[in-house]
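Good morning, and thank you for coming.

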Amino acid sequence: MPFSDWNGKMSEIKKKIQSFLPGGAWTQLHDTSYLPPEHSDVVIVGGGVMGLSVAYWLKRLEKPRGAIRVLVVERDHTYSQASTVLSVGGIRQQFSVPENIQLSLFSFDFLRNINEYLAVVDDPPLDIQFNPSGYLLLASEKGAAVLESNVRVQRQEGAKVCLMSPEQLRNKFPWINPEGVALASYGMEHEGWFDPWSLLQGLRRKAQSMGVLFCQGEVTRFVSSSSHVETPSGEEVTLKRVHEVHVKIDHSLEYQPVECAIVINAAGAWSGQIAELAGVGKGPPGTLQGTKLPVEPRKRYVYLWNCPQGPGLETPFVIDASGAYFRREGLGNNYLGGCSPTEEEEPDPENLEVDHEFFQDKVWPPLAQRVPAFESLKVRSAWAGYYDYNTFDQNGVVGPHPLVVNMYFATGFSGHGLQQAPAVGRAVAEMVLHGNFQTINLRPFLFNRFHLGEKVQEHNII
Amino acid sequence: MVAPRAPLHLMAPVWNRGTRGIRGLSKAVAPEGSQRKERSLLQFLADHFYDVQALREYLLRKQVLKVHQKNRPFTHIKEHFGPHAAGAYFILKQGGAVRFQGKEWIRPNARGRFSLDFLTFPAVPVEAVDASGSAINYHGLDSLLTLKELQSLWLRHCPHVDDWCLSRLHPLANSLQELSLAGCPRISERGLACLHHLQNLRRLDISDLPAVSNPGLTQILVEEMLPNCEVLGTDWTQGLGLGPEEQSQDTASPVPA
């Protein structure tokens with residue numbers, strides 16, 4: 001009988017009808033839904049927490065609604081090497097630079113009200129699993145004065161940090177051995193750790209609902225035009241403007257040129273390469289044209305261990321004077337921790353292989369000395385992730401490039417990008433939409449400082 | 001945290017117990033036939049028409065603003081009558097009850113009115129606050145944290161008290177002796193970890209917290225964290241595999257006097 005396969009035919013007919021109704025993917029020739037659009041106002045290179053935050057804030061601050069077309073290009077849709085998801089997920093205000101403190105305070109506020117900012121109708125509320133347990137920074141004799149002045153700056157900006165002597169430390173946390181500690185600073189509020197993957201998913205979901213387009217591909221080329229301008233002092237400067245971004249599709253030679261007005265470099269550990277593609281740093285060294293973006297990938301290890309007699313529920317995120325850190329993970333006496341290597345011991349960032357010797361030699365001894373219970377522990381797992389390390393002063397680069405006029409940076413945070421992402425996203429969106437920073441003044445973080453040599457050195461980097 | 005894992009189970013605690021408003025409709029607690037049809041019609045409209053979506057978002061925002069409005073501080077009372085009176089007024093406005101040192105409990109009546117006698121003795125500190133069931137949230141705690149001699153705080157079944165609110169309670173560490181958080185849908189073990197600042201706490205009630213993943217283990221850890229405190233929670237055997245009839249018996253947690 002002709003209609004024996006009625007159900008099969010019906011579903012095919014339904015599919016065909018759905019495909020040419022508005023919203024369906026119907027092209028007369030072939031399906032190109034995996035390609036990015038041909039035109040986009042803003043192209044964000046990098047779909048990690050920084051790029052998504054910029055996308056979200058661009059759509060949120062735009063006037064009128066729906067005015068700006070935003071495209072986020074992310075090379076790796078599984079985020080297997082992205083710094084965001086491999087991060088330990090801490091947020092703290094205990095920095096030395098006031099702008100960092102303000103960024104982190106706003107980001108905390110954002111995380112606290114995340115379901116007001118990122119609410120999507122009909123979707124369940126986000127739970128970022130925030131542990132408001134605070135950070136505990138320990139300083140030896142050498143670092144005590146710096147710690148105290150930092151705490152003063154932090155309190156001025158509104159952080160709730162208190163100083164503790166070794167005696168008070170022993171009373172509050174009996175599992176700590178305060179030998180060698182001269183002073184400790186304990187953040188009581190607005191600090192803790194959370195799940196970066198949920199934040200990423202939440203931002204992505206909200207951005208998608210606001211109309212941001214996502215594309216999986218790699219940026220391989222920027223097509224730009226130059227114009228020569230003479231400065232008042234008679235020098236000739238070449239200003240560049242990016243017109244097209246070539247996005248190459250995975251496992252294929254096919255690429256799509258996306259015409260764009262603004263490019264945002266939020267590529268994390270690979271921002272240096274993206275900047276080079278755009279022509280940043282092509283010039284004689286020592287000039288503004290020859291100043292490269294000093295962001296490079298640095299590998300950092302994180303270890304997860306189990307210690308049955310370890311510190312209890314009240315454990316904050318402890319950063320020892322030696323640079324080793326740890327925090328509680330879950331309720332099963334598991335702890336996450338690591339240590340930043342010195343310049344000489346920097347591991348090769350070629351891949352994300354873990355060096356277990358590093359734990360035995362550099363992480364375990366200082367932690368076992370600080371917390372005697374850690375003398376017997378068992379490492380359960382370990383992973384490695386990249387810092388988008390700013391070799392100049394370990395602080396972020398935010399804002400436009402002076403010569404490549406429509407490229408904006410949001411990168412180089414050297415390990416504290418996740419906790420500042422919501423605030424930096426807003427700052428970059430303000431810069432793009434209004435031309436200046438309106439809420440938090442991030443002028444010290446502009447690109448110019450690399451050429452002028454003005455370091456904004458952050459001392460509390462872990 | 002750990003390297004990327006498969007779809008995270010977003011805990012969706014039941015906030016709005018009523019089905020008032022469009023948001024209540026969208027979170028059909030007991031999806032019956034007609035409610036489901038209404039929800040999918042609304043969802044269908046919102047998916048296809050920007051106006052409906054904007055309207056729903058607007059109504060959502062209005063609900064949030066309502067809670068914020070309820071939690072505004074009363075600065076003029078604070079300036080004229082002091083922090084204790086301001087805190088008491090705030091709590092009474094929310095529908096809670098207040099007890100001053102040496103006096104009886106003051107409660108608003110069924111119509112929400114209460115006597116303003118306490119404004120006549122501004123120097124008497126507030127000793128006990130019962131804000132159970134009120135809409136107090138993170139900002140509303142501003143009014144409570146100035147009550148430096150508060151001994152007993154009850155926040156039972158408060159829908160907007162969450163982990164962040166618990167991290168704010170440390171200024172009350174010197175005086176607070178009794179704290180009850182029973183039935184708050186948004187509190188999890190992560191917020192309970194902040195309670196270690198409250199070293200003078202003698203009674204803590206953490207029963208019936210739906211967002212706590214491991215009630216038995218959490219209770220043991222909290223007891224270890226606060227050695228001088230009597231922790232009332234669920235029976236520690238609840239986490240173990242029990243039959244359905246035994247489980248329903250155990251969930252009747254001891255109610256503090």
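This is a predicted model: local features need pLDDT of at least 70, side-chain atom pairs count only at pLDDT 80 or more; totals for chains, interfaces and linings use all residues.

**Chain B, then chain A**

Let me start with chain B, where 46% of the 257 residues count as buried. Buried here means under 20% relative accessible area, exposed means over 50%, and partly exposed lies in between, with a 1.4 Å probe and protein chains only.

Residues are numbered from 1 along each chain as its sequence is written, chains are lettered from A and ligands numbered from 1 in the order in which they are written, and side-chain values use heavy atoms, with hydrogens and water left out.

Chain B contains 10 helices and 7 strands. These elements are DSSP runs numbered from the N terminus, with helices being H or I of at least four residues and strands being E of at least two. In chain B, 63% of the contacts with a separation of 6 or more are between residues 24 or more positions apart; a contact means heavy atoms within 4.5 Å. Chain B has an accessible surface of about 13,700 Å², and carbon and sulfur atoms hold 54% of that area. Such areas come from the Shrake-Rupley method with a 1.4 Å probe, and for residues only the protein chains shown count as cover.

Two loop residues of chain B deserve attention for their backbone angles. His157(B) has a phi near 55 degrees, a positive value in a residue other than glycine. His157(B) sits in the loop that joins strand 4 (152–154) to helix 7 (163–167) of chain B, and its relative accessibility of 47% makes it partly exposed. The second residue is Asp208(B), whose phi is near 60 degrees, again a positive value in a residue other than glycine. Asp208(B) belongs to the loop between strand 6 (203–205) and helix 9 (215–225) of chain B, and with a relative accessible area of 45% it is partly exposed.

Is Lys66(B) buried or exposed? With a relative accessible area of 60%, Lys66(B) is exposed. Lys66(B) is part of helix 3 (residues 50–70) of chain B. Between its C-alpha atom and that of Gly216(B), 150 residues away along the chain, the separation is 36 Å.

I now turn to chain A, which has 12 helices and 18 strands. Its radius of gyration is 24 Å, close to the 23 Å that the globule rule gives for 462 residues, so chain A is as compact as a globular protein of that length. That radius is taken over C-alpha atoms, and the rule is 2.2 Å times the number of residues to the power 0.38. Along the principal axes, the C-alpha atoms of chain A fill a box of roughly 80 × 80 × 40 Å.

In chain A, 55% of the 462 residues are buried. Of the contacts in chain A with a separation of 6 or more, 74% are between residues 24 or more positions apart. The accessible surface of chain A is about 19,800 Å², with 51% belonging to carbon and sulfur atoms.

What does the record say about this chain? An unreviewed UniProt entry places the feature "domain: FAD dependent oxidoreductase" at residues 41–431 of chain A. Over residues 41–431, chain A is 27% helix and 30% strand, and the end C-alpha atoms lie 15 Å apart.

The peptide bond from Lys63(A) to Pro64(A) is cis, with omega near -5 degrees, and Pro64(A) lies in the loop between helix 2 (49–61) and strand 2 (70–74).

Val45(A) belongs to strand 1 (residues 39–45) and is buried, at a relative accessible area of 5%. Which residues does Val45(A) contact, leaving aside its neighbours within four places in sequence? Among them are Val73(A), Phe222(A), Ile264(A) and Ile274(A).

Trp193(A), in strand 7 (residues 192–193), is buried, with a relative accessible area of 1%. Trp193(A) and Gly134(A) are 59 residues apart in sequence, and their C-alpha atoms are 8.1 Å apart in space.

Finally, Pro308(A) lies in the loop between strand 12 (295–306) and strand 13 (317–319). Pro308(A) is exposed, at a relative accessible area of 53%.

Terms used: UniProt positions are given in the numbering used here, feature names are shortened, and annotations may be inferred rather than shown by experiment.
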